[in-house]
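Subject: Structure for you to look at

Hello,

Here is the structure I said I would pass on. Please have it open while you read the notes under it.

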Amino acid sequence: RVATPELAGRLDRVYGMTWGHVDALRMSLPPSKAERVELLDPQGRDLPDPIGGGPADYRACAERLEEAIAARLD
């Protein structure tokens, strides 16, 4: 789903796949809400967007998403 400022402002926490996503969303929110936006990968790495790629790219992205989500849940 597209992370609009209206949606993000209502959520407790928002995770972006890339620093570009995080920075763009933070800039659209008031400071008190911008701090709720973080990069999904706790190690600070962007997760590559598979759009335009083949099935292997989507599988690799899904694996990275699962790893990052599991790390956040721990």
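The notes below go from the overall fold to the salt bridges.

This is a predicted model, in which local features need pLDDT of at least 70, side-chain atom pairs count only at pLDDT 80 or more, and totals for chains, interfaces and linings use all residues. Residues are numbered from 1 along each chain as its sequence is written, and side-chain values use heavy atoms, with hydrogens and water left out.

The protein has 4 helices and 2 strands, in the order α-β-α-α-β-α from the N terminus. Helices (H or I) are DSSP runs of at least four residues and strands (E) of at least two, numbered from the N terminus. Of its 74 residues, 24% are buried; buried means under 20% relative accessible area, exposed over 50%, and partly exposed in between (1.4 Å probe, protein chains only).

The whole structure holds 4 salt bridges, each a side-chain nitrogen of Lys or Arg within 4 Å of a carboxyl oxygen of Asp or Glu.

One of them pairs Arg13 with Glu38 at 2.7 Å, N to O. Arg13 sits in the loop between helix H1 and strand S1, and Glu38 in strand S2, 25 residues apart.

Glu38 also meets Arg72 at 3.2 Å. Arg72 belongs to helix H4, 34 residues from Glu38.

Arg64 and Asp41 form another salt bridge, at 3.7 Å. Arg64 is partly exposed, at 23% relative accessibility, whereas Asp41 is buried, at 4%.

Regards
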